[in-house]
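Thanks for coming. I will go through one model today, from a single residue out to the whole complex. Please have the sequence and the structure open.

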Amino acid sequence: MLTSSRIRLAFPVIVLSLLAVITWYPLVFMFSTSFKTRTQFFANYWWFSWPLDLDNYVQVWPKVSLAILNSLQYSGGTLILVLLLSLLGGYAFGRFNFRGKNFLFLAILSLLMVPGILTIVPLFVQVRNMGLLNNPFALILPWTAFEIVFGIYLMRLFFERLPKELFYAARIEGASELQVLLHVALPLALPGLGSVAILDLLFTWNDLIWPIVAISDQTKLPVTPAALNFRGNNVVDYGQVFAAYVSISLPLIVIFSFFVRKFVRGIEGI
Amino acid sequence: MTTATATGRRPSYYINRYLPWILLAPVMIHLIVFRYIPTFSAFYYSLTNWNGIKAAKFVGLRNYTDLFTDYVFLDGLRNMVIYTSIRVVLLIGFAFLAAELVFSFKSASVRTFWKIVFVIPLVVPVSVVYLLWGFIFEPQSGLLNTLLNSVGLGAYANQWLGTSATALYSIAFVQFPFVAGLSFLVFISALEGIPGDVLDACKVEGCGRFRRVWSVDVPMLRGSLIFIAVLIVLGGIQTIEPQLILTRGGPGTATESPGFYVYRAAFQYSDFGLAAAAGVIMVFVGLVFSFYTVRARYKGAYDVDL
């Protein structure tokens, strides 16, 4: 019997499925089209065409792989620096009391109110005067400076939640402060660093405007701006274009599908 | 073990004593070079006439008066308000709806399934999202027009991005996750954080689902709702991706934005002073807005901290 309570149970599933279809279908469309030849695209628009045609991927791979390697280099370099500096900063604020602590912390946090668009011009001039344009560090150093602000904030909260006795116990056992940092704080900090890493990767992988400004050499672009170069002018082979978009999106999707539960919890924890 | 005494202090004493400063030194040097100096120099450059190469010449407030008489910039500000308002309603609306529906399931694993469904699209690169929406709006073989034609609504097919009347609304609708992943996650975790006895009390009082959403969930989620609204608005003020990727501000000035204005003034016309001034105005808009929202945030009787 179709009772009213059954309808009430089915209602969320129906609406959520609809939302999921709207959210996912453009992605599926991109994926299916990336395996189509031009004729297949016009013959069968909405769904996969068999046999799958891998030629689009073969065609775009040289350029795409270059962009992915660039991105891995830039995002990886930033990630290492961000984790290191967030750990140091967060530990200093979370574990110690020192003069000027509150002032310094507020000074760092207030940077959250300064949007990237304000500093883009002076930052460009500065990076140019340092001779870094078209160099990986033109992206790595400014990106790091943007990401450590929130990183330090998160790591401070994280260290403050840890019981202080842990650190005292290690000190009484005769460990030096540096040993405490390396052998007590660092292992405990890993979940917090995970959240910082997720936010940092999302930011650096997606940044569009700063790489466009700082990197003029097209072969050195990371994936997000490089994706713009696959658009044809007039005659567009959508199969190839979408094959490029799919390959550009894949690395991050693969990384995140391994950590998706952690990712969900990490964001909920913020 | 040796311990430091008052008379003969070992080097480790000083290392320990100044450790916070030693730890913070690299952080502060990095922030000074790449954040503080650019921030303060932006305010200075906004008062100069400067092409980025020759010495900057002090011109007082002229860049600001230029901006407020430039219709391109003014149209950009107007577009920014419209664009941002649409996105606040749209993104919060869908994310809140999805979060409430997922919250209505009892089973934790069912909830996790739906969370994953709506969160994965979050990691598709932003430029790919915009490019894909560029294709959705594409007049000839784009998804939207093809869909309209195939269901017999071909009369409504349009040059979505090429017509002044629709271009701004079209870019405001760009977001694959109609259910925006981040807002959705924040809402669902806030809903899960509502104390069980509040929900029980609500049930005992006999309130239905819609009554509960309106009288319990919305007030309890006030903090999260405002937090997400602030993020969307601050993002809206800085919007530049749809212009860079899809419209270049056109047709005419229909989709101009202040962020794109900054980019063009600096990197196409080499007017660094004007670009800096436009950036300063955007910061003020953001600050004024944040001030009022944060004040509203603390007026609430119920609050759930993020």
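Where in chain A is the place of A:Tyr153? It is in helix H6 of chain A, which covers residues 136–161. Helices here are DSSP runs of H or I with at least four residues, strands are runs of E with at least two, and both are numbered from the N terminus.

Before going further, some housekeeping. This is a predicted model, in which local features need a pLDDT of at least 70, side-chain atom pairs count only at pLDDT 80 or more, and totals for chains, interfaces and linings use all residues. Residues are numbered from 1 along each chain as its sequence is written, and chains are lettered from A and ligands numbered from 1 in the order in which they are written.

Back to the tyrosine. A:Tyr153 counts as buried because it has 20 C-beta neighbours inside 10 Å. The cut-offs are these: a residue is buried if 20 or more other C-beta atoms lie within 10 Å of its own, exposed if 12 or fewer, and partly exposed in between, with C-beta atoms placed from the backbone. A:Val196 is 43 residues away from A:Tyr153 along the chain, and their C-alpha atoms are separated by 9.8 Å.

A:Asn134 lies between helix H5 (116–129) and H6 of chain A. Its phi is near 70 degrees, a positive value in a residue other than glycine. Most residues other than glycine have a negative phi. A:Asn134 has 12 C-beta neighbours inside 10 Å, so it counts as exposed.

With 13 C-beta neighbours inside 10 Å, B:Ser270 counts as partly exposed.

Now chain A as a whole. How many helices and strands does chain A have? The secondary structure comes to 12 helices and zero strands. The radius of gyration of chain A is 24 Å, well over the 18 Å that the globule rule gives for 270 residues, so chain A is more spread out than a compact globule. That radius is taken over C-alpha atoms, and the rule is 2.2 Å times the number of residues to the power 0.38. Along the principal axes, the C-alpha atoms of chain A fill a box of roughly 75 × 70 × 35 Å. Of its 270 residues, 41% count as buried.

Chain A is divided into domain 1 (4–43) and domain 2 (57–269); the bounds come from an automatic or database domain assignment. The C-alpha centres of the two domains of chain A lie 32 Å apart. Their contact takes eight residues from domain 1 and seven residues from domain 2, where two residues are in contact if their C-beta atoms, placed from the backbone, lie within 7 Å. On the domain 1 side, H1 of chain A gives the most, with three residues.

Next, chain B. It has 15 helices and two strands, and 40% of its 306 residues count as buried. Among contacts in chain B between residues at least 6 apart in sequence, 71% join residues at least 24 apart.

One helix in chain B is worth a look: H9, residues 181–192. Is H9 of chain B mostly covered or mostly uncovered? Mostly covered, with nine of its 12 residues buried; among them are B:Phe184, B:Leu185 and B:Phe187. The 12 residues of H9 in chain B should span 16 Å at 1.5 Å a residue, and the end C-alpha atoms are 16 Å apart, which agrees. The expected span is 1.5 Å times one less than the number of residues.

Then the two chains together. The contact takes 66 residues from chain A and 72 residues from chain B. On the chain A side, the largest share, 12 residues, comes from helix H1 (residues 4–33) of chain A. That side divides into 53 nonpolar, 10 polar and three charged residues. Here Ala, Val, Leu, Ile, Met, Phe, Trp, Tyr, Cys and Pro count as nonpolar, Asp, Glu, Lys and Arg as charged, and the others, Gly among them, as polar.

Last, confidence. The predictor gives the complex an ipTM of 0.85 and a pTM of 0.84. Chain B averages a pLDDT of 82, and 89% of its residues score at least 70; pLDDT is the predictor's confidence in each residue, from 0 to 100. Over residues 300–306 of chain B the pLDDT is below 50, and this stretch has 16 contacts in the model beyond near neighbours in sequence.
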